[in-house]
Amino acid sequence: MSINPEIHRTVRAISITLDEAIAFYETYVVSARDAALIKAVNQSGIHPAFNVISDALHREVILGLCRIWDRRPDTANLNKLASEFRSKAVRADLERTGHIADPDALNRWCAGVANGSKSEELSALKRARDRALAHTATPNQPYKGRARVAQYGAERKVLELTTPLVEQAAQFIGYSYLSPFADRRLMWQRYAGLFWRRVDGSA
């Protein structure tokens with residue numbers, strides 16, 4: 001069986017997760033930093049529900065980005081994809097099916113994934129995921145890891161680290177998108193702006 005369809009399915013799954021993370025991020029970030037919106041919400045008395053929605057969006061951003069950078073062998077993630085792209089059999093199969101990628105470009109991409117996995121911001125998001133979102137850390141033992149606490153802006157940095165790697169992986173196998181992720185971000189920024197203006201009554 002050709003390896004190529006398996007690579008296609010993995011890239012498609014990762015791309016869908018990234019698209020969802022972009023939608024959640026662009027909708028969330030307005031609720032986190034738009035001072036006029038936050039003031040209007042606080043004055044209207046709907047801030048408890050607003051905070052729940054904002055927090056839920058934030059959680060989905062973190063969970064989505066962490067899924068893309070997971071290391072489990074039974075999930076679709078960049079680390080697994082990099083392992084596959086290092087395989088001579090996979091490279092030969094891609095070439096046999098007409099997707100001839102520059103070996104140096106593939107090696108640089110794999111190195112980019114390896115370096116990205118060591119990102120401080122990604123480690124911080126994974127700490128938040130492991131200790132607060134996917135699990136509830138025991139209050140009876142101190143944290144023994146080295147990852148710092150996630151700070152505002154970490155999500156954007158990981159998103160901007162992730163997007164070109166996913167797009168380049170798609171290019172290697174001839175997988176195309178209806179629109180680039182940069183355009184998807186602009187689209188969700190417009191949608192988010194319209195939505196939140198409705199919430200604060202300025203629309």
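**View A. The side chains of Glu120 and Arg148 are joined by a polar contact of 2.9 Å.** A polar contact is a pair of N or O atoms within 3.5 Å; within protein, one atom must be able to donate a hydrogen and the other to accept it, and residues adjacent in sequence count only if both atoms are side-chain atoms. The model is predicted: local features need pLDDT of at least 70 and side-chain atom pairs count only at pLDDT 80 or more, while totals for chains, interfaces and linings use all residues. Residues are numbered from 1 along each chain as its sequence is written, and side-chain values use heavy atoms, with hydrogens and water left out. Glu120 belongs to helix α7, which covers residues 120-133. Helices (H or I, at least four residues) and strands (E, at least two) are DSSP runs, numbered from the N terminus. Between Glu120 and Arg146 there are 9.7 Å in space, C-alpha to C-alpha, although these residues stand 26 apart in sequence.

**View B. The protein chain is built from nine helices and zero strands.** Read from the N terminus, its elements follow the order α-α-α-α-α-α-α-α-α. Along the principal axes, the C-alpha atoms occupy a box of roughly 65 × 45 × 25 Å. The chain has 203 residues, of which 37% count as buried; buried means under 20% relative accessible area, exposed over 50%, and partly exposed in between (1.4 Å probe, protein chains only). Of the contacts (heavy atoms within 4.5 Å) between residues at least 6 apart in sequence, 78% join residues at least 24 apart.

**View C. Helix α4, residues 78-86, has Leu78, Asn79, Leu81, Ala82, Glu84 and Phe85 as its buried residues.** These buried residues pack against five helices, namely α1, α3 (47-68), α5 (88-96), α6 (103-117) and α8 (154-173).

**View D. The largest nonpolar core holds 45 residues, and Trp69, Leu78, Leu81, Phe85 and Trp109 have the most contacts inside it.** Helix α1 gives the most to this core, with 10 residues. A nonpolar core is a set of buried Ala, Val, Leu, Ile, Met, Phe, Trp, Tyr and Cys residues joined through side-chain atoms within 4.5 Å. Thr162, a residue of helix α8, counts as buried because its relative accessibility is 0%. Once neighbours within four places in sequence are set aside, the contacts of Thr162 are Leu18, Leu65, Ile68, Trp69 and Leu78.

**View E. The largest pocket contains about 200 Å³ of space.** On a 1 Å grid over the protein atoms alone, a pocket is an open set of points where a 1.4 Å probe fits, with protein on both sides within 12 Å along at least five of seven lines; lining residues have an atom within 4 Å of a point. The volume is the space filled by probe spheres set on the points, which are joined across faces, edges and corners. The lining consists of Arg12, Ser15, Ile16, Asp19, Tyr175, Ser176, Tyr177, Leu178, Ser179, Phe181 and Arg184. At least two lining residues come from each of α1 (4-33) and α9 (181-200), and α1 gives the most, with four.

**View F. Ser15 and Tyr177 meet through a polar contact of 2.7 Å between their side chains.** Ser15 is part of helix α1, and it counts as buried because its relative accessibility is 4%. Apart from neighbours within four places in sequence, Ser15 contacts Val166, Tyr175, Tyr177 and Phe181. Arg9 also has its place in helix α1, yet Arg9 counts as exposed, with 53% relative accessibility. The C-alpha atoms of Arg9 and Ala76 are 8.7 Å apart in space, and the two residues are 67 apart in sequence.

**View G. His99 occupies the loop between α5 and α6.** With 23% relative accessibility, His99 counts as partly exposed. A polar atom of the His99 side chain lies 3.1 Å from the backbone oxygen of Ile173. Gly174 is 75 residues away from His99 in sequence and 6.6 Å away in space, C-alpha to C-alpha.
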